[in-house]
2 protein chains.
Amino acid sequence: MWDKRSDMIVHEQDPFNAEPTPQVLAESDITPVDAFYSRNHGPIPAITADDWRLDVSGRVERPHVFNLDEIRQRFTTHAVTATLQCAGNRRAGLIDVRPIPGEDPWGSGAVSTAEWRGARLADILDAVGAEDDPDLHVAFTGPDVSEVATPPQPYGSSIDIAKARSGEVLLAWGMNCQPLPRIHGGPVRIVVPGYIGARSVKWVTAITVIDAPTDNYFQASAYRILAPDADPGAAGPGDGISLSTLPLNCDVLTHSDGDRVPAGPVTVGGYAQPGNGRRIERVDVSTDGGTTWNQAELDLPYGPWAWCRWTHTLCARPGPLSLVIRAFDDTATTQPETPAAVWNPKGYLNNSWPRMTLHVT
Amino acid sequence: MWDKRSDMIVHEQDPFNAEPTPQVLAESDITPVDAFYSRNHGPIPAITADDWRLDVSGRVERPHVFNLDEIRQRFTTHAVTATLQCAGNRRAGLIDVRPIPGEDPWGSGAVSTAEWRGARLADILDAVGAEDDPDLHVAFTGPDVSEVATPPQPYGSSIDIAKARSGEVLLAWGMNCQPLPRIHGGPVRIVVPGYIGARSVKWVTAITVIDAPTDNYFQASAYRILAPDADPGAAGPGDGISLSTLPLNCDVLTHSDGDRVPAGPVTVGGYAQPGNGRRIERVDVSTDGGTTWNQAELDLPYGPWAWCRWTHTLCARPGPLSLVIRAFDDTATTQPETPAAVWNPKGYLNNSWPRMTLHVT
């Protein structure tokens with residue numbers, strides 16, 4: 001049906017939900033298209049570039065229906081290297097604390113990085129004469145109808161106008177220098193760097209400038225941090241904390257818990273993500289459960305919206321080797337220590353210290 | 001020498017460093033002037049309102065020396081209710097993990113809230129024609145020479161121009177509807193809401209628009225998060241992570257660890273601080289060490305720069321009563337669980353979960 005690596009971990013076929021192994025993500029700064037994670041709430045639409053239309057309306061002076069040629073010809077093309085991360089990434093670590101019924105046990109792979117290419121949403125908002133009011137929101141709607149939603153409805157979400165007008169939010173038709181593939185939202189999707197992946201609406205067909213966050217199920221009811229004792233089945237629109245910006249996070253990609261490694265120098269590596277508009281300053285590695293720490297080497301990230309890759313080489317002696325990682329951003333904010341500290345009923349935003357034990361032989 | 005409550009906890013007389021008890025802070029949203037914490041690095045200058053001058057220079061078109069009458073007459077007066085917090089607040093909790101030689105063991109009281117009144121720094125920058133370059137910084141210098149600095153020098157620090165031009169940064173001469181007292185920086189100080197208290201320079205006599213953060217000791221060398229294994233005595237300018245914005249934090253103010261309370265309903269309370277530009281969404285209280293949580297009641301804070309006060313009433317039965325608190329901001333970011341997780345050689349920014357045990361009789 002579409003290109004994907006045979007070693008993807010498929011959580012569901014319908015809707016299609018799959019993540020790459022951490023080791024595949026570890027191989028490159030830019031995730032190959034066929035390894036990029038897929039998170040869907042409905043069937044994957046099949047829209048050709050010729051048939052695609054985008055209806056831009058709401059609080060704008062000149063509502064307009066665009067086709068793809070028009071978008072590409074009227075607006076300067078911009079490229080942004082951005083890491084997208086599902087709010088459910090690392091949920092498996094939360095499920096180990098307490099079960100989370102009905103949600104996929106995403107591991108470390110619901111995060112991937114691509115070079116996105118397209119028009120700035122800001123330029124499109126200017127072209128249609130979006131009203132100049134800092135309290136507005138911009139809603140995105142796709143054609144994929146989700147049966148998971150209450151009631152069933154097309155997938156949608158919204159962002160605040162300040163973010164929508166920032167240079168980094170794209171209406172993207174390119175991914176890693178190829179046309180945006182259908183599986184990742186092609187022909188055209190929204191890319192909102194720094195926000196949870198759920199806001200980067202795929203196959204977007206409508207953009208609406210509105211007075212308040214959209215009442216679409218995926219904005220109003222899903223993707224919210226509920227209180228630990230809340231019943232997610234009973235939660236209604238507006239309950240809990242709505243998710244937009246990603247928190248500081250990091251993970252190990254080169255190894256998985258329980259891996260066997262030979263004694264001697266071992267290089268572990270992974271990524272750190274600073275969260276919206278921040279920068280990674282330091283990544284610490286502990287082999288004694290967090291009592292003492294060494295600093296990992298950081299690669300220069302591909303701009304402010306891409307993950308920061310880190311590596312650390314240590315001398316492994318035979319026996320169990322415990323690894324604990326934590327990152328600091330440029331405000332010296334760091335992460336919670338355990339998944340229990342951030343457990344929530346829908347299992348979002350596990351940004352606790354990644355921990356694993358390797359067996360050195 | 002100046003008005004202060006007799007129950008202040010004085011860490012040092014020279015330079016004068018003192019904090020109120022948490023119970024005094026618990027009494028009111030706005031901290032009384034005589035209970036507001038004092039953090040100094042040198043002697044308290046005695047400058048009259050008539051003698052005070054402010055030299056504004058650097059990358060500005062019209063350098064100018066202002067007196068206080070001129071500031072008050074030329075610029076609209078603005079009031080901002082802002083919580084200031086010392087970067088060393090709650091250091092005592094870090095010292096319990098590992099000693100931090102040479103730094104005062106601040107408890108829960110190096111945080112206080114006032115209504116500040118003065119001119120917007122943005123208006124002053126406009127008046128002198130500060131250059132329009134987003135990479136500029138604005139340095140503040142006081143007359144208080146610190147012997148702690150290497151070499152001894154007047155206290156100073158700087159902030160980025162975007163923050164300097166924001167509406168919330170004041171050149172303040174009023175505190176809680178009184179003239180700004182000498183002990184708190186009078187006749188005139190800087191107030192930078194959302195940043196560590198060290199950036200709110202007291203008795204400010206010079207403002208300089210410069211190309212990079214100031215090389216003043218208190219910006220370049222002090223107030224930095226060093227790696228856990230770094231030797232603070234050997235750290236030089238630029239080492240570690242420079243501190244500006246405060247992280248999410250919260251604390252209990254009504255009670256202290258070990259307090260005795262009678263069985264029955266007990267109301268505990270304190271504050272949560274969201275960090276720069278964010279908002280508190282939820283405060284959780286656990287009486288079982290963080291396994292289950294109840295939500296505290298939140299007061300509406302006095303605007304975006306003031307602490308958010310919370311209370312929670314529980315039924316205390318005889319025996320030890322453990323309390324653990326955590327806050328969530330509007331990005332669903334929460335706090336590290338233990339002080340060990342954030343320990344650093346200079347003991348800054350302990351924003352771990354506050355924990356205490358009350359004895360119910």
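Helices (H or I, at least four residues) and strands (E, at least two) are DSSP runs, numbered from the N terminus.

This is a predicted model, in which local features need pLDDT of at least 70 and side-chain atom pairs count only at pLDDT 80 or more, while totals for chains, interfaces and linings use all residues. Residues are numbered from 1 along each chain as its sequence is written, chains are lettered from A and ligands numbered from 1 in the order in which they are written, and side-chain values use heavy atoms, with hydrogens and water left out.

**Strand pairing**

Two strands are taken to pair if DSSP finds at least two bridges between them. In chain A, four strands form an open sheet in the order S15-S17-S21-S20, and the pairing is antiparallel. Its edge strands are S15 (249-252) and S20 (297-298) of chain A, each of which pairs on one side only. Within this sheet, S17(A) and strand S21 (residues 308-316) of chain A run antiparallel and are joined by nine bridges, with Gly264(A) standing opposite Ala316(A) in S21(A).

Chain B likewise has an open sheet of four strands, with the order S15-S17-S21-S20 and antiparallel pairing. Strands S15 (249-252) and S20 (297-298) of chain B stand at the edges with a single partner strand each, so one side of each is left without a neighbour in the sheet. S20(B) pairs with strand S21 (residues 308-316) of chain B in the antiparallel sense over two bridges, and the bridge partner of Glu297(B) in S21(B) is Thr311(B).

Elsewhere in chain B, strand S12 (residues 206-210) pairs in the parallel sense with strand S3 (residues 53-58) over four bridges, and Asp55(B) stands opposite Ala206(B) in S12(B). S12(B) is also joined by five bridges to strand S7 (residues 137-146) of chain B, in this case running antiparallel, and Phe140(B) stands opposite Ile207(B) in S12(B).

**Two residues of chain A**

Although Pro265(A) and Ala316(A) are 51 residues apart in sequence, their C-alpha atoms are 6.0 Å apart in space. With neighbours within four places in sequence left aside, Pro265(A) is in contact (heavy atoms within 4.5 Å) with Thr313(A), Leu314(A) and Cys315(A).

Ser200(A), by comparison, lies in the loop between strand S11 (189-191) and strand S12 (206-210) of chain A and is buried, with a relative accessible area of 2%. A polar atom of the side chain of Ser200(A) lies 2.8 Å from the backbone nitrogen of Val192(A). Beyond its neighbours within four places in sequence, Ser200(A) is in contact with Leu84(A), Arg189(A), Ile190(A), Val191(A) and Val192(A).

**Backbone geometry**

Most residues other than glycine have a negative phi, and most peptide bonds are trans. In chain A, the peptide bond from Asp14(A) to Pro15(A) is cis, with omega near 0 degrees, and Pro15(A) lies in the loop between strand S1 (9-13) and strand S2 (16-19) of that chain. In chain B, the bond from Asp14(B) to Pro15(B) is cis, again with omega near 0 degrees, and Pro15(B) is placed in the loop between strand S1 (9-13) and strand S2 (16-19) of chain B.

Two residues of chain B other than glycine have a positive phi, and their values are set out below.

| Residue | Phi | Relative accessible area |
|---|---|---|
| Tyr223(B) | near 55 degrees | Tyr223(B): 3%, buried |
| Leu349(B) | about 50 degrees | Leu349(B): 6%, buried |

Tyr223(B) lies in the loop between helix H6 (217-220) and strand S13 (224-225) of chain B, whereas Leu349(B) is found in the loop between strand S22 (319-329) and strand S23 (355-360) of chain B.

Terms used. Buried < 20%, exposed > 50% of the residue type's maximum accessible area, 1.4 Å probe, protein only. Polar contact = N/O pair within 3.5 Å; in protein donor to acceptor, adjacent residues only side chain to side chain.
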